[in-house]
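Here is a short briefing to read with the model open beside you. Take a look at the chain, then follow the points below.

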Amino acid sequence: MFGPSRKERPYTGFGGFGGGAASLSTVGGGTENEASGGTKTTSGDYTIHTFNNSGAFTVSVGSFDLEYVIVAAGGGGGSQGGGGGAGGYLSTVNGENSGGGNSAGSAMPITPGTYPVTIGAGGGQSTRGGDSIFAGPSTITALGGGAGHGAHTTTQDDGGSGGGASYYPEGDSYGPATNYPGPSAQGYPGGTSGNSGPAYGGGGGGGAAGAGSQGAPPGSNPGGPGGPGVPSSITGSAVTRAGGGGGSQSYSNNNGGSGGAGGGGEGGDSGNRSGGAGTANTGGGAGGKSYPGGSVQSGGSGVIIVRYLTLAV
């Protein structure tokens with residue numbers, strides 16, 4: 001009746017053979033849960049909705065537990081400075097929580113209704129990334145990634161993951177505020193700077209699975225690499241998200257810090273002055289900009305992915 005692709009619910013017995021036709025109610029296919037919003041796909045027993053842009057998740061049939069990965073936008077890189085921090089990372093999927101120690105809790109019970117979804121926009125130069133928000137029965141907010149420090153900047157910015165420190169001698173030599181452990185626990189802090197000439201390395205932005213590295217004195221990679229992101233298979237395919245941006249390097253070619261795995265942009269250097277942008281819909285931080293010239297790129301936008309069992313249980 002349902003076609004060959006329909007999953008069948010398991011037969012659970014006749015209940016002692018005493019219930020007549022009613023005792024056979026668990027035989028056959030179950031009711032499907034139905035919802036709309038974002039890009040809808042399936043994998044195994046699950047239906048998945050991926051939101052790359054703001055919108056709404058609308059449940060029309062069923063009450064079920066909703067699993068999710070919520071990633072905020074990455075922070076922008078600093079001018080003559082550090083890499084942007086990755087967006088905050090929250091997950092209910094076992095083993096896929098942020099390295100910052102945050103467990104967003106168990107799957108969210110959800111009932112028919114419409115629930116707004118907000119996807120954070122990537123931060124610009126020395127600007128924190130936007131928050132990503134799922135306004136379900138319980139509102140869940142992933143915090144935008146901290147901004148990379150720029151020249152003469154001592155302001156500390158934690159965010160989901162912390163931004164990297166500026167290498168400029170009058171910048172913050174001790175790096176950004178530590179956001180893990182901290183009130184959000186959605187990522188790791190950015191790296192400190194390498195404030196020693198004749199070349200200066202900015203700190204890498206923090207990632208969801210590790211801190212940004214310190215900018216080192218001149219060497220093979222004096223700009224600090226961004227911290228790594230977290231791999232997730234919530235869609236059925238493994239994807240790493242929320243990597244930190246690399247710290248930049250001044251007065252030296254090809255020495256910007258590498259972006260963290262998961263969309264982090266690489267840091268700029270005197271040969272490639274502009275830092276790399278964070279990859280869209282990964283929450284990756286942008287790389288810092290070198291001196292002289294170039295321009296600072298933006299952090300990667302966020303993403304929200306939800307999934308639920310296709311068949312009601």
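Residues count as buried under 20% relative accessible area, as exposed over 50%, and as partly exposed in between, using a 1.4 Å probe and protein chains only. This is a predicted model, in which local features need pLDDT of at least 70 and side-chain atom pairs count only at pLDDT 80 or more, while totals for chains, interfaces and linings use all residues. Residues are numbered from 1 along each chain as its sequence is written, and side-chain values use heavy atoms, with hydrogens and water left out.

**Salt bridges**

- The structure holds two salt bridges, the term meaning a side-chain nitrogen of Lys or Arg within 4 Å of a carboxyl oxygen of Asp or Glu.
- One of them pairs E34 with K40, whose closest N and O atoms are 3.7 Å apart.
- E34 is partly exposed, at a relative accessible area of 29%, and K40 is partly exposed as well, at 43%.
- In the bridge between E67 and R307, the closest N and O atoms are 2.9 Å apart.
- This pair ties together distant parts of the chain, with E67 in strand 5 and R307 in strand 15, 240 residues apart.
- E67 counts as buried because its relative accessibility is 16%.

**A closer look at R307**

- You will find R307 in strand 15, which covers residues 303–309; strands are DSSP runs of E with at least two residues, numbered from the N terminus.
- R307 is buried, with a relative accessible area of 13%.
- Its side chain also makes a polar contact with the side chain of E67, at 2.9 Å. Such a contact is a pair of N or O atoms within 3.5 Å; within protein, one must be able to donate a hydrogen and the other to accept it, and residues adjacent in sequence count only if both atoms are side-chain atoms.
- Leaving aside neighbours within four places in sequence, R307 is in contact with residues including Y46, D65, E67, V93 and S233, where contact means heavy atoms within 4.5 Å.

- G74 sits in the loop that runs between strand 5 (64–71) and strand 6 (89–91).
- With a relative accessible area of 0%, G74 is buried.
- Beyond its neighbours within four places in sequence, G74 is in contact with several residues, among them G85, A86, G122, G145, G283 and G300.
- G74 and L143 are 69 residues apart in sequence, and their C-alpha atoms are 9.3 Å apart in space.

Definitions and conventions: Helix = DSSP H or I, 4+ residues; strand = E, 2+ residues; numbered from the N terminus.
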